[in-house]
Amino acid sequence: MDFQVWDFPGHLDYFDPAFDVDNIFEEIGALIWVIDAQDEYLDAIMRLNTTILNLQQSYPNINVEVFVHKVDGLSEDYKSDTFRDIIQRVQDELSDAGYENAPVSFYQTSIYDHSIFEAFSKVIQKLIPQLPTLEALLNSLCSTCHIEKAYLFDIMSKIYIATDTSPTDIGSYEICSDYIDVVIDVSEIYGWDRPNESGDSEKIIEVGNNDAESLITVERKGNNYLYLREINKYLALVCLMGDDSSAEKKAVIDYNVGVFQAALKQVFPRAEREFAPAEE
């Protein structure tokens, strides 16, 4: 999957005739609008509503994702009041204009915790057409292996592109996300580039598995277990298991994760991705 992120200043009027509106919005899947929760936000809300109304007329399929940012500097009560006030003002304006079900979502974000990654994860999932298939595969894996929660992470960004349909809490996501850092740190120290097999018989080249090999099962507090398995060099499966899913069942879990990995290759065929003709 190839995602591009364009960063624009929010004070510009992109619907001004001076801009090529079609070139900007024609292929966009999501528009992320960032509002500073610690600043005066009424002007930002006004410009956001103007943008949403214009998009609804010409590009109604674009998801509008509102990040109420820098909430870390507010008290819990004031943070909740500010968040509700922003949502209410946006929804009231859209309702008055006749758009009751506009595709607008709201998130509280901060760079000092995992909330920004959680928000981006949910935005990305809306742009993945294979998401229902991925959720079904993860649901099947969780049911078979008695896994409480499973995430499919993009390793470098720590954004999860899919999870099972059980309720998600920020605590479980934080545990899994932090463990991705451990794997990256270890890989940078002990990892090596694995060349492809060479037909030159005079050269002896050590060749490893093309797919990733990291597999970690670790006990954590509360007698629960954290299971990590790299699916390939881009994706990692991280699972939280209860005390009834002990390390003694690791062989069964490994087998079922292998089945999941094979199914995932069918969802995202590597050959088609690598050899597909480039679009102009």
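Lys122 and Glu118 both belong to helix H4 (residues 115–126), where they stand four residues apart, about one turn of the helix; helices here are DSSP runs of H or I with at least four residues, strands are runs of E with at least two, and both are numbered from the N terminus. The two side chains form a salt bridge, with the closest N and O atoms 3.6 Å apart, the term being used for a side-chain nitrogen of Lys or Arg within 4 Å of a carboxyl oxygen of Asp or Glu. Glu118 is buried because its relative accessible area is 10%, whereas Lys122, at 34%, counts as partly exposed. Buried means under 20% relative accessible area, exposed means over 50%, and partly exposed is what lies in between (1.4 Å probe, protein chains only).

This is a predicted model, in which local features need pLDDT of at least 70 and side-chain atom pairs count only at pLDDT 80 or more, while totals for chains, interfaces and linings use all residues. Residues are numbered from 1 along each chain as its sequence is written, and side-chain values use heavy atoms, with hydrogens and water left out.

A search of the whole structure finds ten salt bridges, and two further examples can be followed here. Asp43 forms a salt bridge with Arg47, the closest N and O atoms being 3.1 Å apart. Because these residues are four apart in helix H2 (residues 42–58), about one helical turn separates Asp43 from Arg47. Asp43 is partly exposed at 43% relative accessibility, and Arg47, at 25%, is likewise counted as partly exposed. In helix H7 (residues 250–267), Lys250 and Asp254 are also placed four residues apart, about one turn of the helix, and their side chains meet in a salt bridge of 3.0 Å, N to O. Lys250 has a relative accessible area of 32%, so it is classed as partly exposed.

Charged residues also come together in another way. Asp20, Asp22, Glu26 and Glu27 form a negative surface patch; patches are made of residues with over 30% relative accessible area and no salt bridge, like charges being joined within 9 Å and nonpolar side chains (Val, Leu, Ile, Met, Phe, Trp, Tyr) within 5 Å. Among these four, Glu27 is found in the loop between helix H1 (21–25) and strand E1 (30–36), and at 77% relative accessibility Glu27 counts as exposed.

Most residues other than glycine have a negative phi. Lys70 lies in the loop between E2 and helix H3 (76–96), and its 39% relative accessibility makes it partly exposed. His146 is another residue other than glycine with a positive phi, in this case near 55°; His146 sits in the loop between helix H5 (131–145) and strand E4 (147–154) and counts as partly exposed at 48% relative accessibility.

Is His69, in turn, buried or exposed? His69 has its place in strand E2 (residues 63–69), and because its relative accessibility is 16%, His69 counts as buried. Leaving aside neighbours within four places in sequence, His69 is in contact (heavy atoms within 4.5 Å) with Val34, Ile35, Asp36, Ala37, Thr109, Ser110, Ile111 and Ile116.

Conventions: Areas by Shrake-Rupley, 256 points an atom, 1.4 Å probe, with all protein chains shown as cover. Lys, Arg positive; Asp, Glu negative; His and termini not counted. Charge placed at Lys NZ, Arg CZ, Asp CG, Glu CD.
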